[in-house]
Amino acid sequence: MTTVVLADDEVLLRKALAALLPLEGDITVLAEAQDGTSAIEATLRHRPDVLVIDLEMPGVDGLGAVAEIRRTQPDQVILMLTRHARPGVLRKALKLGVQGFVSKSAEPAHITSVIATLHAGKRWIDPDVSALAVVDDCPLTDREIDVLRVTGEGYSVADIAVRLSLAQGTVRNYLSNAMQKTQTRSRHEAARYAREHDWL
């Protein structure tokens, strides 16, 4: 029996998976979460064999939730569901130790078999997800991407510095480099440009 926590803000999809996964395989859904914050709480409380988490959620997104969970449960097995795997996002998720990626359009039977694969200690990335991620034309460094991602959430330079544990001058340097590389006039334009090009 494999225990699972399901985290997805799309209620219909989450409920469907919660109902279908146990029918497809030897799976028990311990808890459901509708956003990143509740995903963190549910995972830390229930300690499932596999956390199945959506990449894009309101507030704390899938990557933010995974980073937080990794701090206290470094060995947590994680399957990330995604609609569009941007190269930068996939790279960051792999650095965080996410073991599996599946398209949100996958059949429940496929998701069930991937959960079993991950629980057995292996990795899995859907071919369509990995194909998208290989096409990486992003000129930005990982730190420039981090700074732009937080900028896009509306934070000031001072707030970004606190959130990323950087000096304000360092944040300004990263933003300046990112603006040069994207040929934009402001950090918000740079963040928008990077998002439109699927770099964040």
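Reader: Is the crossing of helix 1 and helix 5 right-handed or left-handed?
Author: Right-handed, in this predicted model. Helix 1 covers residues 11–24 and helix 5 covers residues 108–119.

Reader: At what angle do the axes of helix 1 and helix 5 cross?
Author: Roughly 65°, and the axes come within 9 Å. Angles of 65 to 115 degrees count as roughly perpendicular, so helix 1 is roughly perpendicular to helix 5.

Reader: Which residues make that contact?
Author: On helix 1 they are Leu17, Leu20, Leu21 and Glu24. Helix 5 brings Pro108, Ala109, Ile111, Thr112 and Ile115. By class, that contact splits into 7 nonpolar, 1 polar and 1 charged.

Reader: Ok, new pair. At what angle do helix 2 and helix 3 pack?
Author: About 25°, with their axes 9 Å apart. Angles under 35 degrees count as roughly parallel, so helix 2 is roughly parallel to helix 3. Helix 2 passes helix 3 in a right-handed crossing.

Reader: And which residues are in contact there?
Author: Gly36, Ala39, Ile40, Thr43 and Leu44 come from helix 2, while Ala65, Glu68, Ile69 and Thr72 come from helix 3. Sorted by class, the contact of helix 2 with helix 3 has 5 nonpolar, 3 polar and 1 charged residues.

Reader: Switching topic: what volume does the largest pocket have?
Author: About 940 Å³. There are 29 residues lining the largest pocket, and the closest to its centre are Asp61, Gly64, Lys92, Arg149 and Glu153.

Reader: Which helices each supply at least two residues of that lining?
Author: Helix 3 (62–72), helix 4 (87–95), helix 7 (142–151) and helix 8. The largest share is from helix 7, with 6 residues.

Reader: How many of the lining residues are charged?
Author: 15 are charged, next to 11 nonpolar and 3 polar.

Reader: You mentioned helix 8. At what angle does helix 8 pack with helix 9?
Author: About 105°, and their axes are 9 Å apart. That puts helix 8 roughly perpendicular to helix 9. Helix 8 spans residues 157–164 and helix 9 spans residues 168–182.

Reader: Which residues meet there?
Author: From helix 8, look for Val157, Ala158, Ile160 and Ala161. They meet Gln168, Val171, Arg172 and Leu175 in helix 9. By class, the contact of helix 8 with helix 9 has 6 nonpolar, 1 polar and 1 charged residues.

Terms used
Residues numbered from 1 in each chain as written. Predicted model: local features only at pLDDT ≥ 70, side-chain atom pairs only at ≥ 80, totals over all residues. Heavy atoms only, no water. Axes fitted to C-alpha atoms, helices over the stretch in contact; angles between N-to-C directions. Helix = DSSP H or I, 4+ residues; strand = E, 2+ residues; numbered from the N terminus. Parallel < 35°, antiparallel > 145°, perpendicular 65-115°, else oblique. Contact = heavy atoms within 4.5 Å. Nonpolar A, V, L, I, M, F, W, Y, C, P; charged D, E, K, R; others polar. Left-handed = near helix turned anticlockwise from the far one by under 90°. 1 Å grid on protein atoms, 1.4 Å probe; cavity = no way out; pocket = protein on both sides within 12 Å on 5 of 7 lines; lining within 4 Å. Points joined across faces, edges and corners; volume = space filled by probe spheres on them.
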